[in-house]
Amino acid sequence: MPVASRSLLGRVFYSGPPLTELQQHYAKGGLIDDRAPVAASSRVRIEAPPATVWRLLHDLPSWPSWVPGVAAVRQGPGGTVPDEWFRWKLNGMSIKSTLAVVDPRRELCWTGVLAGTRAVHRFRLTPLNEGRATEVLSEESIGGPLIALYFPSDKLRTVLRNWLGALKSTAEAEVSR
């Protein structure tokens, strides 16, 4: 049932599926949690090839150099591969994440836990203009009791737009060098 059609009380107290189900069924299955009280998506066209965009997304330790509000990314020993963990800070909040999909030049997806909430975040890349440009779709769902009261979907949409804006400007600057 889509978020908008559920009652306020149902959204406020929605805890969502267990993290293992989010990881295995949703994230690895190409889905975000459409029942989550907080969900948003945004897309952008980047005048850079998918390989350039992918390199920026795939290099998690470099995120603090270009993603607004991201700091201190640490990865598990396996690097950027499915089922490997990474820890990071977004606007001062520590997030524990696990990669779900790492499909070069196509998709990067992970689940994350923060203060009693569980999220699925996905980036999908589509080549455009014979591979000279890339459309990037970013979508995320966040479930957990009370999350909708202090972090509404509009705020998440702004975070996604800012991230995509930074990705666009960084990737396009790289190809123009």
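User: Let's start with contacts. Leaving aside neighbours within four places in sequence, which residues is E139 in contact with?

Analyst: Contact just means heavy atoms within 4.5 Å. Skip the neighbours within four places in sequence, and E139 touches I32, A40, S41, V120, H121, R122, R124 and L160. Before we go on: this is a predicted model, so local features need pLDDT of at least 70 and side-chain atom pairs count only at pLDDT 80 or more, while totals for chains, interfaces and linings use all residues. Residues are numbered from 1 along each chain as its sequence is written, and side-chain values use heavy atoms, with hydrogens and water left out.

User: Got it. Where does E139 lie, and is E139 buried or exposed?

Analyst: E139 sits in strand β7. Strands are DSSP runs of E with at least two residues, helices are runs of H or I with at least four, and both are numbered from the N terminus. For burial, we use relative accessible area with a 1.4 Å probe on protein chains only: under 20% is buried, over 50% is exposed, and in between is partly exposed. E139 comes out at 13%, so buried is the label. The E139 side chain also has a polar contact with the side chain of R124, at 3.2 Å. A polar contact is a pair of N or O atoms within 3.5 Å; within protein, one must be able to donate a hydrogen and the other to accept it, and residues adjacent in sequence count only if both atoms are side-chain atoms.

User: Now charges. How many salt bridges does a search of the whole structure find?

Analyst: The idea is that side chains of opposite charge can pair when their charged atoms come close. The rule here asks for a side-chain nitrogen of Lys or Arg within 4 Å of a carboxyl oxygen of Asp or Glu, and the search turns up ten. In one of them, R43 meets E135 at 3.0 Å, N to O. R43 belongs to strand β1 (residues 38–46) and E135 to strand β7 (residues 133–143), so this pair ties together parts 92 residues apart in sequence. R43 is exposed at 51%, and E135 is partly exposed at 25%.

User: What covers the buried residues of α5?

Analyst: The cover includes β1, α3 (50–58), β3 (85–90), β5 (107–114), β6 (117–128) and β7. Among the buried residues of α5 are L156, L160, W163 and L167.

User: W163 is an aromatic residue. What kind of aromatic pair do W110 and W163 form?

Analyst: Rings of Phe, Tyr and Trp (its six-membered ring) pair when their centres lie within 6.5 Å; planes under 30 degrees apart are stacked, over 60 edge-to-face, and the rest tilted. The count is eleven pairs. W110 and W163 are tilted, 6.2 Å centre to centre with 35° between the planes. W110 is in strand β5 and W163 in helix α5, so the pair ties together parts 53 residues apart in sequence. W110 is buried at 3%, and W163 is buried at 3% too. Ring pairs link both into a cluster with W63, F86, W88 and F123.

User: Last one. Which residues touch the most other members of the largest nonpolar core?

Analyst: In soluble globular proteins, nonpolar side chains tend to be buried together. A nonpolar core is a set of buried Ala, Val, Leu, Ile, Met, Phe, Trp, Tyr and Cys residues joined through side-chain atoms within 4.5 Å. Here the largest has 29 residues, and W63 and W88 touch the most other members. The largest share, five residues, comes from α5. Beyond its neighbours within four places in sequence, W88 has contacts including W63, V70, M93, I95, W110 and W163.
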